Amino acid sequence: MTHPTFSNLRIDSDRLLGRLMSLGQDGALEGGGVCRLALSDKDKLGRDRVVDWMKELGLRVTIDKIGNLMGFLPGREDLSPVVLGSHIDTVATGGLYDGNLGVLAGLEVISVLKDSGYVPLRPIVVAAFTNEEGARFAPDMLGSAVDRGSLDLETALAIKDSDGFVIAEELARIGYAGEAEPGHIDPYCFFELHVEQGPVLEEEGEQIGAVTGVQGISWTEYVIEGISNHAGTTPMRLRHDAGFAAASVAVAARKVAEEIGDGQVVTVGVNELNPNLVNVIARSARLTVDMRNIDEQKLQQAEKRLAEEIAAICKAEGVRYTSRTLARFEPVMFDQNMVDLIADVAMEQGRSVRCMSSGAGHDAQMFAPVCPTAMVFVPSQGGISHNIEEYTSPEDIKAGANVLLQAALTKAEEK
């Protein structure tokens, strides 16, 4: 299957791990994690470091108007490129690998080509997309969504974080308000190497995940308005308690997930009360609900069931509520030929493989509707991610990067 002139190429795992550790210094947390929120000062440091590496490798670097970074390596012919990408922004208590591995493994592919002198038929592009996590600005996968046209540029630039900072202004402040138009690169195909962020590969003793698709995601914010009153003198029958309503919504969300089954997951993330005092009935509550399913019909069913539950809860408690959609993405299935390629390459390299869907959102899902797309998963120790204890072994990183290398070069030789 693999082309005879590149089938013996392998990544330099020490170089890749070294770059991972170096990037982890930008926003380093005590205990080994990283806080590099999108468009923060720490994000600027990480971006600067990645751009320097791209330039050291002789790549043509472009920055688009939403801040996406692209490093372009010419091929033997002027054809549409193979794109390798992910993100370098993190959550507030992130690890070293989430997102970063996909970008730096892409740079390692380029480094191997430079070392060997091998020039693929098609160009190869390494991309780092803006605000994939959605930890600072909603929605998540923002940069790749703008790049692929599923989110309008002007709408994205006007988005504010919880402190009122605007994306357009923050891009300019850190020096990454680029001039290139989003979508200026037309991909032949897209690969993303990523840590699993779950326990399946480790529990089943598999080394590589050939990702078949990404779950649909529904993020909704609810604000509940009740009446603040004295905790000791107000009879239970006369209360309009926003805090009680919010707690009931959290219980209802769990019940909905259990009733629907079929891989449905629901998480209540943010849960804020005002006033947040021991002896005062809460006047208002703000909570977020994250719902995911690989089946769009099941996801819609879960949304409908929870909406009915919330309406009933708030009516019974005599409180009002408003809802706001923070993000909504339908499930995405990846190109079967690309999935098969990853599985075949992994098995040729003596690695065990599991075909699996992803429970987390990824930049790859923005590319799937417009070009052949697939992901390579490597195990996450203990299934831990979005946590400073996130860890993937050097051996698993090496295995995943070598699968990425051979799969990408196979596609890069297609006429």
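Two rings of Phe, Tyr or Trp are counted as an aromatic pair if their centres lie within 6.5 Å. In this predicted model, a search of the whole structure finds six aromatic pairs. One of them is formed by Tyr-97 and Tyr-391, whose rings are 6.2 Å apart from centre to centre with 85° between the planes, an edge-to-face arrangement. Tyr-97 lies in the loop between strand E3 (82–87) and helix H3 (100–116), while Tyr-391 lies in the loop between strand E15 (373–378) and helix H12 (394–412), so the pair ties together parts that are 294 residues apart in sequence. Tyr-97 counts as buried, at 5% relative accessibility, whereas Tyr-391, at 32%, counts as partly exposed.

The rings of Tyr-222 and Tyr-321 have planes at 50° and centres 6.5 Å apart, so this pair is tilted. Because Tyr-222 belongs to strand E7 (residues 216–225) and Tyr-321 to strand E12 (residues 320–329), the pair ties together parts that are 99 residues apart in sequence. Tyr-222 is buried, with a relative accessible area of 9%, and Tyr-321 is partly exposed at 32% relative accessibility. Ring pairs also link Phe-129, Phe-190 and Phe-367 into a cluster.

As for the overall fold, the protein contains twelve helices and 15 strands. Its radius of gyration is 23 Å, close to the 22 Å that the globule rule gives for 415 residues, so the protein is as compact as a globular protein of that length. Buried residues make up 56% of the 415 residues, and of the contacts with a separation of 6 or more, 81% are between residues 24 or more positions apart.

How values were computed:
Residues are numbered from 1 along each chain as its sequence is written. This is a predicted model: local features need pLDDT of at least 70, side-chain atom pairs count only at pLDDT 80 or more; totals for chains, interfaces and linings use all residues. Side-chain values use heavy atoms; hydrogens and water are left out. Helices (H or I, at least four residues) and strands (E, at least two) are DSSP runs, numbered from the N terminus. The radius of gyration is taken over C-alpha atoms; the globule rule is 2.2 Å times the number of residues to the power 0.38. Buried means under 20% relative accessible area, exposed over 50%, partly exposed in between (1.4 Å probe, protein chains only). Contact means heavy atoms within 4.5 Å. Rings of Phe, Tyr and Trp (its six-membered ring) pair if their centres lie within 6.5 Å; planes under 30 degrees apart count as stacked, over 60 as edge-to-face and the rest as tilted.
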